[in-house]
Amino acid sequence: MATEVHMHGRIGESIKRKEDGRFLRGKGNYLDDIELPGMLHMAILRSPHAHARIKSVDTAAASAMPGVVAVVTGDLMAQHKLAWMPTLSYDTQAVLATDKVRFQGQEVAAVVAETLYQAEDARDAIEVDYDVLPAITSPDKAKEPGAPLIRDDKENQKDNHIYHWEAGDQAATEAAFARADKVVRLHTFYPRCHPTPLETCGCIADVNGATGKATIYMTSQAPHAVRTVFALVTGLPEQNIRVISPDIGGGFGNKVPVYPGYVVATAASLLIGRPVKWVEDRNENLISTGFARDFHMDGDLAVDKNGKITALRVHLDSDNGAFFADAQPTKFKAGLFHIVTGSYDIPAAHVTADGYYTNKAPGGVAFRCSFRVTEASYLIERLVTNAAIELGMDQADFRMKNFIQPEQFPYASATGWIYDSGDYPKAMNVALEKLGYDELRRDVEARRQKGEVTGIGIASFTEVVGAGHGAEFDILGLRMFDSAELRVHPTGKALLRMGTKSQGQGHETTFAQIVTEELGIPAADVAVEEGDTDTAPYGLGTYASRSTPVAGAATAMVARKLREKARKIASHLLEAAEEDLEWETGRFYVKGSPDKAKTIQEIAFAAYTNLPEGMEAGLEGVHYYDPPNMTYPFGTYAVVVDIDKGTGQVKVRRMVAVDDCGVRINPMIVEGQIHGGLTEGFGIAFMELITFDNDGNCIGSNFMDYLLPTAWETPRFELGETVTPSPHHPLGAKGVGESATVGSPAAYVNAVIDALSPYGVTNIDMPIGPDKVWAALRSKGVTE
Ligand code: CDP
């Protein structure tokens, strides 16, 4: 036996992030860092009204202002057939409004000028005459008889209803409800919130009139898909479009869609013949791009007298804003919401969903989640805790009783999902042990006896991440596979190019580690490149925690392809039959003679200098990976809260998070992802809210109103892990990026509900500010 040499950066090692050197030195290359010769700046005029007919747009004064090169209106865009564009959900969206404005902040006109200040000054000089119409700000208002028709631009649109969608078995579900010993009901609202990346969205369009090449630098999580959409929308040949996503300062789903600003900047550069930069300011980001959630949900659980869940019935109304622009696979109108049976073995389930237009910005981005899995996870976890409380059972016991058991995997859910692997009781037990649950439960009871308001919340979420497989999952018909191209240079160093695009997740490190594991090239010797459509292989991008399940698998597969070629070269170099060679990380050796060996570096050199007769030179390849199934990460989160009766202030005393994402490539990066998600979940549960007044004015358009958690508010997290590999992923890994954002809001809210349960409170909608808690306590006669 050979002795395994230590190879820096293998899977499971928490090596430091390769990309951090440039970020920590302030040497990242973000969109706004890019300056091109002759570059112009664009500012967008946005509607102050939520719903209004445009009577006229007067650009005369703006056009005459210093530095102004062009004022672009909807009419000008219409002359080029670009006033409307397709959305990711097969709807249409106004690029610049021509007929009506349909939400506050909608794009109406744009100014292109020599400097940003000149563009903004001239934008403010554009005169628009509006005829204000009544605004619709909720699905309930949208469905009222006689409600104003928002999408009168669409020929067959007679009301504000967009879609009706169903999953599961209605008859079986109703039959189970008819037999139920108890039905637990919950009506809850998952409010509109915003991914709020540190860096806002933007682009620089540089159309070269001489070559016809359009280079578009863009903060995009999916540059290839954008290139294809641009080719289809503009008619430009796809080889003449190059989308470059430079370093991205957070995406969280906000940077998946194509926004009107991108289209206007590109059209302006095409018409003017100079590069045009457009970067949103914070206010524009918060009012107009990429909202998430806004689901009004009704869930009913049927339970038998032994505490076993027998059926789940759910209806939801989705508030989609003025254009149906959800970023989600074509087949699933309500995203992947029907994963709503969660971690529980529920024999029958039926889900109905209706989408509505409202006078709000288009939303439905998968904010750090797989297309609405967050709302689903929230609903089932809230329902399960409420059921336990109503049945007088312990939340943890009730979950244990209803979990899908480890031996049931692969598990077919009542709504049609095949879960790959899981061990929910184990994750729960690790969490309870970490928390000291039994002791804590006794402590809660003792504190309650003294009049304190305190509680424990649990959420045992199951996620579904890693779209495709391509036959079921597509965006605008583009199958959701992903890719990796690996070149090993003669000196044994490597270049790995991917169809994904990191926004801070550390891909340059973790994907290099996969090459280390599979091919034995140290992670430091593997350069990882993403985000340039002229060089990277085609891929669907990074969102929905799909990078590791799909592109990570593609990386392992391409490395394995290269290893097979390396084996042939080693056989030639060692003059031994291929089957007599043994692989250990970094080298082939002759079985029984560990000293007769060739390292991967020696083999790489031979691939360019000393090949077997007839073999093609080089050591490189590409792999397009279409996964056989999604991966199903899971975990148990547990939260302890104390509530001040006098003020309603909630204090999170403990937060324990046990995650299972299969095999962890870089445990430190995984923990970082979980910390970030738990913080986002905390913000969503307690602080963040985009709301609208009756006139459709967006309240939450700045960081004074839209409250993000800082280190000051955020609780301390105690992490734990279990490892249940995915049976179909080549490395056994599942995605993890979104787990904590998906799973944690319910845990925080369940803790508050548990604390208030002695007073009969069963629901408070997020964000749970002190005002709502105080009002709930008051309404139950608790005063202090
Ligand atoms: O698609 P996205 O990169 O947002 O999500 P992901 O695939 O869950 O990966 C987030 C980060 O965690 C990446 O750097 C992954 O490679 C890393 N990761 C890991 O080290 N081990 C896992 N099992 C899952 C993710």
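**Notes on the predicted model**

1. Among contacts in the protein chain (heavy atoms within 4.5 Å) between residues at least 6 apart in sequence, 79% join residues at least 24 apart. This is a predicted model, in which local features need pLDDT of at least 70 and side-chain atom pairs count only at pLDDT 80 or more, while totals for chains, interfaces and linings use all residues. Residues are numbered from 1 along each chain as its sequence is written, and side-chain values use heavy atoms, with hydrogens and water left out.

2. The protein chain holds 19 helices and 34 strands, these being DSSP runs numbered from the N terminus (helices H or I, at least four residues; strands E, at least two). Its radius of gyration is 28 Å, close to the 28 Å that the globule rule gives for 784 residues, so the chain is as compact as a globular protein of that length; the radius is taken over C-alpha atoms, and the rule is 2.2 Å times the number of residues to the power 0.38. Along the principal axes, the C-alpha trace spans about 85 × 75 × 50 Å.

3. Of the 784 residues of the protein chain, 62% count as buried, where buried means under 20% relative accessible area, exposed over 50%, and partly exposed in between (1.4 Å probe, protein chains only).

4. Helix α14 covers residues 507–519, and at 1.5 Å a residue its 13 residues should span 18 Å, which agrees with the 18 Å between its end C-alpha atoms; the expected span is 1.5 Å times one less than the number of residues. Because 12 of the 13 residues of α14 are buried, the helix is largely enclosed by the rest of the structure. Among the buried residues are F511, I514, V515 and L519, and also the charged-type side chains E508 and E518. Just after α14, G520 takes a positive phi of about 75 degrees.

5. S545 lies in the loop between β25 (526–530) and α15 (547–574), and at 13% relative accessibility it counts as buried. Leaving aside neighbours within four places in sequence, S545 is in contact with V465, G466, G735, V736, G737 and E738. The C-alpha atoms of S545 and G466 are separated by 6.2 Å, although these residues are 79 apart along the chain.

6. E433, in helix α12 (residues 424–435), is exposed, with a relative accessible area of 68%. E433 and K360 are 73 residues apart in sequence and 45 Å apart in space, C-alpha to C-alpha.
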